[in-house]
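Here is a short tour of the model, written for someone who likes to have the structure open alongside. Please keep the viewer at hand as you read.

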Amino acid sequence: MQVTASNAASIPPVSTFADQMRQKAAILADGSGASDDQKLDAYIAISRAMAQSASTGTGWFQESTQADRDAVNAVMDNSTMAKQIRAAGDAFNARGLRAPRDTNVMAAQLADLNSLSDFDQKMIFASTASLDQTGTLESWKASLQENADGRARQLQAETATAVTVTLSDEAKAALAKDANASAVITDPTKLRLVDMAGNPLPPEKIGTPGLHPLSPPGSPANPDYQNNLDRFTQLANVVLDETGAYSREEKLDAWNAQYRMAVTGQLMGLGPEVSQRLNDLARSSTYQDIESARVRLMNVQMDAFRRADAAGADQDAAVAQATLAHLNGLDDFERKLTFTSVNAPDMSGATRYTDFASWQQQLLVQAGLFAPLADEKRETASAIAKPYAAGAKVEAWA
């Protein structure tokens, strides 16, 4: 029977838990005829059942067959409504990640959430909240409000050590000539910084303009903001191009390069137009491709983890084996997207893996398919892993 908007709510009760989940999946599926509200409720019900089963060890994963899980997962992965729900959550989280860390990010997120329609809010709730622990949208928003209030109190306490900045003579002269002018000061001795009591701040409390605060002592400053701005602009133009002038691979390489600039502090001190471009990049098709690759991998790994847990098998080995099988089913570009999603640089510019081959080698070890090697043999291991990678249709790239 086809599920329609008029009869979806009146389908007769079903006898088993697996039947209930299949019924919810039938409502969520494309072409079911159910309303968007009914599909969203079905998505929430399925997600909550999965989360509760994973945390309690009873329910869906224990009472269903692999065929049941495959059928429901296919709808959760591929239905139009499920994709819209995940996209809404990804966009919401991306806006929060782009916000300055020294502000009340949660308050801004909550204000953003409240500005949306009830349906859009519920989509974000469905994709973002811990559904096995959070009952409703309103209770979730209440917990967000608690976090926002706590951050407000923290910021208020921090104002006691706030710093005020007095413009240098160079900056004042530049602004007197042109209200839109900017003056970059790269010499800390020319920065007149004082605390709230009016006492001058020592150099170690000021830092070095053009240098990320996490850089090790003795690192040279990079005051060439204009070059940083020019490079970021070029990279952003590649990522955001819609004319077809650049391939997907070129866009991904540009996205990786601009992201590294952002997290290592090379965009610090640049103007508000950079923040706007960062928002545009967070909405770009390239970023959405990366996020989609991450979600697909996460779903594969979570499913492997749950199967191993239900069977009492080695969870790490099962996840690694499932990851290798997943990668083997992807084309070269999809593998590169997936690698990007798990190998983002940190604020020092370091990454978890040197290249794709090193990630693959670790997976082989975790999967029990390759013995761990001593550090002095790693170069030999890399040479061994690459032929295996080629045989598995997995190419290594730097």
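## Ground rules

A residue counts as buried when its relative accessible area is under 20%, as exposed when that area is over 50%, and as partly exposed in between, using a 1.4 Å probe and protein chains only. This is a predicted model, in which local features need pLDDT of at least 70 and side-chain atom pairs count only at pLDDT 80 or more, while totals for chains, interfaces and linings use all residues. Residues are numbered from 1 along each chain as its sequence is written, and side-chain values use heavy atoms, with hydrogens and water left out.

## The chain as a whole

The chain has 398 residues, and 37% of them count as buried. Its secondary structure comes to 18 helices and 2 strands; these are DSSP runs numbered from the N terminus, with helices being H or I of at least four residues and strands being E of at least two. Contact here means heavy atoms within 4.5 Å. Among contacts between residues at least 6 apart in sequence, 61% join residues at least 24 apart.

## An aromatic cluster

Rings of Phe, Tyr and Trp (its six-membered ring) pair if their centres lie within 6.5 Å; planes under 30 degrees apart count as stacked, over 60 as edge-to-face and the rest as tilted. The structure holds 7 aromatic pairs. One of them joins tyrosine 353 and tryptophan 359, a tilted pair with 6.1 Å centre to centre and 40° between the planes. Tryptophan 359 is buried at a relative accessible area of 4%, and tyrosine 353 is buried at 6%.

Why is the pair of phenylalanine 356 and tryptophan 359 edge-to-face? Their planes stand at 90°, with the ring centres 5.8 Å apart, so the pair falls in that class. Both residues lie in helix 17 (residues 356–366), 3 residues apart, which is about one turn of the helix. Phenylalanine 356 is buried, at 0% relative accessibility. Ring pairs link Phe339, Tyr353, Phe356 and Trp359 into a cluster.

## Helix 1 against helix 4

Two packed helices are described by the angle between their axes and the distance between the axes. Helix 1 (residues 17–28) and helix 4 (residues 66–78) pack at about 25°, with axes 9 Å apart. That makes helix 1 roughly parallel to helix 4, given that angles under 35 degrees count as roughly parallel, over 145 as roughly antiparallel, 65 to 115 as roughly perpendicular and the rest as oblique.

From helix 1, Ala18, Met21, Arg22, Ala25 and Leu28 meet Asp68, Val72, Val75 and Met76 of helix 4. Aspartate 68 is buried, with a relative accessible area of 11%. Leaving aside neighbours within four places in sequence, aspartate 68 is in contact with Ala18, Arg22 and Trp60.

## Around tryptophan 140

Where does tryptophan 140 sit? It belongs to helix 8 (residues 137–158), and tryptophan 140 is buried, with a relative accessible area of 7%. Not counting residues up to four places away in sequence, tryptophan 140 touches Phe92, Leu113, Ile124, Phe125, Thr128, Ala129 and Thr134. The C-alpha atoms of tryptophan 140 and alanine 129 are separated by 7.0 Å, and the two residues are 11 apart along the chain.

Key. Axes fitted to C-alpha atoms, helices over the stretch in contact; angles between N-to-C directions.
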